[in-house]
Amino acid sequence: MEYGMDYLNVQGLEKHVGERIRLRRSELGLTQDKLAEMTGVSFQQIQKYETGLNAMRITSLFRLSRVLLVDVTYFFEGFREHALNDASRNGTFVSSSSKEVMGLMRNYQRIASPKIRKNVSALIRALSSEEDATTKE
């Protein structure tokens with residue numbers, strides 16, 4: 001598999017990992033205080049991780065993966081796409097930390113039927129394509 005230079009660009013990785021931590025914490029209904037207690041760090045440190053202000057030691061990331069009941073690779077999922085979208089849209093990428101996006105993702109995950117989820121995904125894709133077409137006119 002050949003990787004371009006965009007794959008090697010890790011700018012924004014801390015922020016992406018932080019957004020994934022916040023998303024998973026929210027999915028589990030945990031507060032920053034509770035997550036801090038469960039991992040043995042301060043809630044301020046959790047805030048810094050979630051906003052990407054502090055890079056995290058691999059041992060801390062591993063501990064978080066255990067507490068949040070995910071594989072450590074969960075935190076990196078979508079990073080390449082995130083970075084590419086961010087670059088291609090010149091800063092107009094909607095951060096997954098926004099409440100609106102998190103709510104949308106949470107509601108989407110609650111849809112039990114794979115067929116309905118597929119249709120919802122297709123609808124969103126169609127609407128975003130239409131939006132792109134209208135803004136170019």
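User: Which residues of α4 are buried?
Analyst: This is a predicted model in which residues are numbered from 1 along each chain as its sequence is written, and local features need pLDDT of at least 70, side-chain atom pairs count only at pLDDT 80 or more, and totals for chains, interfaces and linings use all residues. Side-chain values use heavy atoms, with hydrogens and water left out. Helices are DSSP runs of H or I with at least four residues, numbered from the N terminus, and buried means under 20% relative accessible area with a 1.4 Å probe, protein chains only. In α4, the buried residues are Gln45, Ile46, Tyr49 and Glu50.

User: Within what arc do the buried residues of α4 fall?
Analyst: The arc is taken from the directions that run from the helix axis to the C-beta atoms. The buried residues of α4 line one face of the helix, because, seen down its axis, they fall within an arc of 135 degrees.

User: Which helices do the buried residues of α4 pack against?
Analyst: Contact here means heavy atoms within 4.5 Å. By that rule, the buried residues of α4 pack against α2, α3 and α5.

User: Are the rings of tyrosine 74 and phenylalanine 75 stacked or edge-to-face?
Analyst: Rings of Phe, Tyr and Trp (its six-membered ring) pair if their centres lie within 6.5 Å, and planes under 30 degrees apart count as stacked, over 60 as edge-to-face and the rest as tilted. This rule gives one aromatic pair. The rings of tyrosine 74 and phenylalanine 75 have centres 5.5 Å apart and planes at 80 degrees, so the pair is edge-to-face.

Terms used. Buried means under 20% relative accessible area, exposed over 50%, partly exposed in between (1.4 Å probe, protein chains only). Helices (H or I, at least four residues) and strands (E, at least two) are DSSP runs, numbered from the N terminus.
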